[in-house]
Amino acid sequence: MAILTEGRLVPLVAFILAWIATYLAIQLGKQGKIRIRRIPGLDAIEEVVGRAVEMGRPVFDIIGMGSFTSIYATQTVAGLSILSYVATLCARLGAKLYAPQADVGVMPVAIELVRDAYRSEGKLEELDVDEQLPYLSGTQFAWAGGIIGMAARMKPAGNIMIGPFWAESMMFAESFNRAGSMQVGGTARMYQIPFFAAVCDYVLIGEEIFAAGAYVSGDPLQIGSIASQDWYKLVALILGIIGALLATANVPVIQNLLSM
Amino acid sequence: MDARRDIPLVITFLVGVIAVMDYYTTFSAVKETFTVIKNWGVVLNAFALGLGAVNLFRVHGRRISERKRSDWPFSAWLLLMLVIFVLVGLGTGQFDASDQYQWIYNALYLPIGATMYASLCFYMSYGAYKILRARNLDSFLLFVTAIFVVLGNTPLFPALFPPFFHIREWIFKAVVGGAYRGIRIGVGIGAVVLGIRTLIGMETGYLGRR
């Protein structure tokens, strides 16, 4: 009986290589040898919260409708990392944070994150979990309707949307834009990226959201760990070009290799 | 040792390794263990559903009792509908499969959901209006491309001028397809690296500031 599932040998090797690359990147990060490019969307989050403090209006952080058990779990984790960062900034600077929830499995984690952030800043008494992290609905358009209503009533100064989004992305982006919010949008859902690009002030495209947690932490170790993402992309690019050239010459070596 | 930080990290690592092994290997012990973990997840989610309902009752119950906000009747309506849906589902004994439940779902919820979805066309038109203005070379190129794609998508224009259809196809397959794959590869790699960082405890955003 085979130990490995059929057709997953190469993915396993790739996974192990990614693991090694991440380990090496962390070691280089420890030595301060890793420099990563700036991501303007993430740099702008502090500006969003600062703007909210100046205007005396709230900040929204929407992490999407993803759950921990779907294929979008990684995007949800990325959204939660940013929520933790935004909550810390809001507690520190004195902006009111709203983070409406759509998934009951993610909600307790989000609540704990925000509580931790307020506690660490010594502002726990300023947090009203029921009001600031309300559960709206697990159904797409009921959730969307709730958030659109909140945006219209509260006129938030800023809106940060990082996580998995579906058709509601355009509704949120437009509603908050009309409410005069400065917006940072980011998702790895391909069909929603153009909507955010069209309306938001800053956009995180695709894999940039996965680097968000490490990026905002400012920790050289964590920053080191995301450098492997770029190395791996370079390898994929080289393999893609070689594969395309070989396939054009009717030599499907790379194709056959990847299907092993 | 910080138990509030380290215990979740150990649990994440163990569950993550089992999930990875379940994907790559054929060991029946691993598959059975992972099935049990997934079932735990289902049970936890069911409990969490109660948490959502409790939150709704607390938030909206408070608004109804205080009546400070002008929109408190909507809170009352929400809780009323929540109770009706639950009672009809439980009362018939057939849950969401009963005719009564199906009726209130199809007659009340579905049209509202469809209306919300339909309103997307207005949001998209407004978004398109804002972005498709030829202010510089980049936006001019985007504008021209959008014209070809939009007209190529209609039945009339490709019927009258067949090149519209071919130009649209070329834009999608050659231009959009290349960019789409590039982003998709990046997303896949980003997700894998995030998964590895989560497994080895480098991604702790989901744990808060512990």
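Modeller: Here is a tour in that order.

Biologist: What kind of model is it, and what are the pLDDT limits?
Modeller: This is a predicted model; local features need pLDDT of at least 70, side-chain atom pairs count only at pLDDT 80 or more, and totals for chains, interfaces and linings use all residues. Residues are numbered from 1 along each chain as its sequence is written, while chains are lettered from A and ligands numbered from 1 in the order in which they are written.

Biologist: What are the ipTM and pTM?
Modeller: ipTM is 0.87 and pTM is 0.91.

Biologist: And what pLDDT does chain B average?
Modeller: Chain B averages 90, and 99% of its residues score at least 70. pLDDT is the predictor's confidence in each residue, from 0 to 100.

Biologist: On to chain A. How many helices and strands?
Modeller: Chain A has eleven helices and five strands. These are DSSP runs, numbered from the N terminus: helices are H or I with at least four residues, strands are E with at least two. The C-alpha atoms fill a box of roughly 60 × 45 × 40 Å along the principal axes.

Biologist: How much of chain A is buried?
Modeller: 52% of its 260 residues. Buried means 20 or more other C-beta atoms within 10 Å of a residue's own; exposed means 12 or fewer, and partly exposed is in between, with C-beta atoms placed from the backbone.

Biologist: What order do the strands take in the sheet?
Modeller: The order is S2-S1-S3-S4-S5 in chain A, an open sheet with parallel pairing. Strands S2 (97-98) and S5 (202-205) of chain A are the edges, each pairing on one side only. Pairing requires at least two DSSP bridges between two strands.

Biologist: How many bridges join S1 and S3 of chain A?
Modeller: Four, in the parallel sense, between S1 (residues 59-62) and S3 (residues 158-162) of chain A. Within that pair, A:Asp61 stands opposite A:Ile160.

Biologist: What lies across S1, S3 and S4 of chain A?
Modeller: Helix H7 (residues 168-178) of chain A does, running at about 165° to S4(A). Axes are lines fitted to C-alpha atoms, for helices over the stretch in contact, and angles run from 0 to 180 degrees between N-to-C directions. Contact means two C-beta atoms, placed from the backbone, within 7 Å.

Biologist: How many residues does each chain put into the contact?
Modeller: Chain A gives 62 and chain B gives 47. On the side of chain A, helix H10 (residues 220-248) gives the most, with nine residues. That side divides into 38 nonpolar, 16 polar and eight charged residues. Ala, Val, Leu, Ile, Met, Phe, Trp, Tyr, Cys and Pro count as nonpolar, Asp, Glu, Lys and Arg as charged, and the others, Gly among them, as polar.

Biologist: Last topic. Where does B:Arg67 lie?
Modeller: In the loop between helix H2 (28-66) and helix H3 (72-91) of chain B. B:Arg67 has a positive phi of about 50° although it is not a glycine.

Biologist: Is B:Arg67 buried or exposed?
Modeller: Exposed, with 11 other C-beta atoms within 10 Å.

Biologist: And where is B:Phe95?
Modeller: In the loop between H3 and H4 of chain B. B:Phe95 is not a glycine either, yet has a positive phi of about 50°.
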